[in-house]
Structures are given as structure tokens and as C-alpha cells.
Amino acid sequence: MEKKKYKSSLLSIFEKDIVQELFYSALGCGFFVLLYLFFPKHYWNKFYRSTIILILSLAFFLVFIFVSQIGSNKSSFKISYKKNIILFTVFNFSIFLFLFYHTNWGYNGLAGDNIYRTAYVTHMAHSGYPQDFAYKGYSAFYSPLYWYSLALLSILLNIAPYKMLRIGMLITIFFSPIILYESWKKIYDEKISFVISIMSSIYFINIYSPDHMLGSLFIIPYFIYYFENYTNKTFTKKDYIIGGFLGALILCTYFLYFVIIPIYYLISFIQNKNKFRKNLRHLFYISVALLLFSSWFWVPLAKDILLIGFESHQNNYFDLSMFQYPLLNYFGFGIYALYNTIGIVYIIRKYNLTQDMRILGNLLIAIHFYFLLGFICVMNNISLMYIRIMPISAYILMISSSIFYVRFFIFIKENDFLKKNKIKADFRYIEIFLLISITIVQTTGNLLYIANSDGYKAAKSGNSMSEEVRDIIEELDYEDKVFLIEKWEVAMFMQIYLFLLPNPYYNHPSALYNERVKFLIELSECESSKEFYDKIMDNKFGPIDYFYLDLEDNSTKLVLQVAIEKFPDGRDYYDIEFNIELFENENLFERIEIDGELIYKTKY
């Protein structure tokens, strides 16, 4: 009897759409994982690579058309959005997998922001809990969930943490279309959900910053369903718990997009005070649940800020290219521009007629308000990180245009447009053929662009840092030690901490970058080795275990170059010089020479 119940429960789980979609997609993707094992390596050379991408795209185009035969008596060949989302997932994954099959790294290799991301995964894989990637004893500052998940996977699969960015990218490409499709199905029917999901997946694919992409794709359906309660559902305690948990997943993946929610409700309050007041209890419950489930991230961060202090640097990154208005940045020529134009026109046209367009319209207004606030701040030499919100405005237009796409063909059908105009054609063929064509063409274009980009070359070559630095540090008792080092990229591969991360934009807000720079300048001005040592051992930031810095040509000074922010005019660079005489006391410092490199270790 118990066995029957167990089998029945397993069957009921497998009957769920999302489980079936993931299962059959995994089978299809697994086939391609095995298939590529038999491809000779020269297939990844430039000519063969582009050819195979085109062949795969054409093959999937034919399969899409074949399984979407309108009017077929066979159920296997009728339009099924469940089958189509599975097909799209297999197509999307297989073509990205082919491109990155023989790369050691993710897109852009180990350069740019991937340096801190890799270090993030490395340090969390070592400790087993969320933490900062640079400073010892500090909480996680960047939303840690995505990177922490990769760290846990690296432990589980016994894979070096610095290799996880590529694996994480492929996992995201596999899961995101189906989960996004099922998320939108909570709000719309299968057709609209399918169109939104695949259009989002092909136009908002971000393999360089998957955490940003996941945050932007999921916050809108989450907000519409849980905050705005678009379906007019009667929320129970269970619903609030689930809503808080799901919201926390998004917030802990990328928190910045949540800044538009308070602005949205300020607009709602101005528009309709009575409606806002009626909804206030619901907003309070869902917000409290969200904050409780995400507290594992923000409580330690808030504790650091309250107890240690706060210096904001990430939002100080600015150049003139960021001084742009979101809508103007998304118009031009091509299908993408057409989609954006249709999106904004449809929102304006239906703003006062349908609830969904009013929600999207108010979100768009909130984003524009935030941008205007950012412009005003910049002109008054105040930094506000507004540029990161730009993808959301384009995503909202994509949602609107996708809804229009489906409703337009429904309107054509309901009004017998073809019969009235004596046109012998089935608009259902046009609808599905056009959608599949856009999907295949755009995905192929994305892949060909990526395949010929510098980011892909970096994914193949990988490391921007000399292997010699790693080899030298491996000679030391380095694990969990604090280094004053200019070549800080080594933290991608090794469990070391930094006394100062020379790039202020990557710094933890409680690391107090400016104070650390000031302290190091004071340290360099010491007149004796004893005074130098005492300050190293007794300061608010903790001791420095190793000094691994560049020697000047005359070999009398160790030099650390630091960046000094001059917002909004960029940054200046300043050299802090430590006279070698400060390290001469053998009772206080150990001189270490490895392969011509000079390192000093603090004794204590």
C-alpha cells in the first residue's frame, strides 16, 4: 500500500508541466553533450564553428515548423507551447554548449568583472558560507546567491571554483527559459507566456553577467503576480511565505532592481490614494516576508555598515556614455527597435484600458523618474547607480510588444479580417512562422556575434594574470593570510585576503577604502622599522601578513599604485612608496626571495 502511494506521488510530481519540460529538455541537451564528444577538435576553428552554428539553426528551424503543423490530426504535430519551450531550450542550450564546449572559462575569460566574480566563488567555496571576496571577516556585499550556488556546486562536483563561471553560464541558459515560461503562466495564457519567454531569452541573454540577467527577467513577473496581485488571488499565509521566499531568491541574486518598487508605489499613491491604502496590508505582508527570507544576506551586511562604517564606491563608476536616457538608447533600425517602438506605443494606447499595461506603464515611469534623479545627482556631483536599471526599461517594452503580438493575431482572427478582404491565407501559419523565424535568426545572430568577439577569445585563452604570481605565492604559507599586493587578481585562484583592493569600485562599503589608503600613506611615512611594525600590528583594519609589491628600478622602494576617485571625472592614480629600510629588522620581518621576486612577511 505504501509503495503504491509512493509511486502515485512520484507520478503526480512528473505530471507537473515544469517537471516534464525540464526532464525532456535535459534528455535533449544530454544528447548534444554526448554528440559533441565525437566532433573533431577542428570543428571549433573559425570557419567550421560558424558553419555548424548555421547548420544547427537550420535544423532546429525545420523541427520547429514540423512539430507546429496547424490543422494536423495527429496530436504530436499540433501547436503545443510545452513542446515548443522544450524545443527552444534544447536549441538554445545546444548551440551555446557547442560554442563553449572546449573553452576553460566563461565569456570574457578571467578579465574585467570576472576577476571579482571568480574570487567570490573561490572564497565562498573555501569557507562554505557567503562572504566578501577581498577583505577578511566581512560579509557578502554583492548579491551572493548566484555565486554562492556556484561555490556549493564546485564543492559538490569537486571542480576548481575558478572554472565555475562557465558551468554557471550554461546552467543558467538551460533553466531560465522554462522557469521564466512557467512564471509568466501564473499571469497569462500559454501563448503569451511562450512569446514573452523566448523573446526575453534571445534579446536579453547576458552570458557575461548571468546574475543581472536573472534578476531583470524574473523581477517583473514576480512583481506583477505577488506585489500587484494581477490575478486577484486571495492570498493565504502559505502564499505570503512562498512569495517572500521567491522574492528573496531574486533579491539575493541581484538586489538593485528592487529600488524601482518604492518609486512605483509613490506613483500609485499619487494616482489613486484609496486603492493604495486598500492594498497597503498586502504590500506590508509580502514585503516583510521578502525581508525575512533575504535576511541571511542583508542583516550581516547591515551589521558591518553599522558597526564598522560605510563608504560607497561602486556607484561612483561613471563615464559620459552613461549619461543617456533609457528610451532613446533602444530605438533605431531592425526587429529589436521595432519591438521597442510597438511596446511603448501599446503601453500608451492601453494605459487607461487594461490593468497589465497600466502596471507596465507605471514601472516605466518609475524607471524614468529614477534616471532623471540620477541625472540631477550627476550634475550636482552626487553619485547614484542608475545606469544598471536600463535593461529593465527595454524588458518592459519587450513584454508589452510580446503581448501585442499575440493579441494582434487574436484580433485578426476574431474580426474575420482575411475573409472580409478575400485573402486566402491562414494567419496562424504567419503567426507561428514569424515567431520561429525571429527566434532562430536572432539566436543565430547572437551566437555568431559572440563567436567573433574578444570576450569569446578571452574565454578560450582565459587568464589575464601571469602564472608566475600563483607559483610564487604557493611557496608561502598563504592560506587565509592578508596580503598587501598590487597583483590582486591572484585571489581568483587562491584563498588569500587583501589589505587593500586597489580598485575602489570593487570594494566592500565597510572596507573603508579611503581610510585604508590614508593609513597606508601614513604607514609609508614611518621613520623606523619599529614604528612601522607597531602600526601594522595595531590598527583598526588588522595586521598585514605579507607585502608583495613591485620594486622601483633603484631597488630601494616597494610601490603600490592606488586609485583615488574624482567623481564624476573618473579617477587619479597615486603611488604609495615603502622604503625597504622599514623592513630591515629581522626580528620583525622575514625577507623572502622567490624567482627574483621580493616578499616581506610580518612576524608575530
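These notebook entries record what I looked up in a predicted model.

**Conventions.** I number residues from 1 along each chain as its sequence is written, and I take side-chain values from heavy atoms, with hydrogens and water left out. Because the model is predicted, local features need pLDDT of at least 70 and side-chain atom pairs count only at pLDDT 80 or more, while totals for chains, interfaces and linings use all residues.

**Entry 1, the chain.** I found 23 helices and 8 strands; these are DSSP runs numbered from the N terminus, helices being H or I of at least four residues and strands E of at least two. Of the 604 residues in the chain, 54% are buried (buried is under 20% relative accessible area, exposed over 50%, partly exposed in between, with a 1.4 Å probe and protein chains only). Among the contacts (heavy atoms within 4.5 Å) with a separation of 6 or more, 72% join residues 24 or more positions apart.

Leaving aside neighbours within four places in sequence, I listed the contacts of I220 as W184, L360, L363, I392, Y395, I396 and I399.

F227 is buried at a relative accessible area of 5%, and Y265 is buried at 9%.
Y265 also pairs with F276: the centres are 6.3 Å apart and the planes at 50 degrees, so this pair is tilted. F276 lies in helix 12 (residues 273–278), 11 residues from Y265. F276 counts as buried, since its relative accessibility is 17%.

A charge sits over a ring if NZ of Lys or CZ of Arg is within 6 Å of the ring centre and within 35 degrees of the ring normal. I noted R470 over the ring of F493, 4.1 Å from its centre, and R516 over the ring of F499, 5.2 Å from its centre.

Which residues of helix 9 meet helix 13? I found Y222, Y226 and F227 in helix 9 against H282, L283, I286, S287 and L290 in helix 13. Helix 9 and helix 13 (residues 280–293) pack at about 130 degrees, with axes 11 Å apart; axes are lines fitted to C-alpha atoms, for helices over the stretch in contact, and angles run from 0 to 180 degrees between N-to-C directions. The two helices are therefore oblique (under 35 degrees is roughly parallel, over 145 roughly antiparallel, 65 to 115 roughly perpendicular, the rest oblique).

F293 lies in helix 13 and is partly exposed at 32% relative accessible area. I listed its contacts, neighbours within four places in sequence aside, as I241, G244, F245 and A248.

Technical notes:
Rings of Phe, Tyr and Trp (its six-membered ring) pair if their centres lie within 6.5 Å; planes under 30 degrees apart count as stacked, over 60 as edge-to-face and the rest as tilted.
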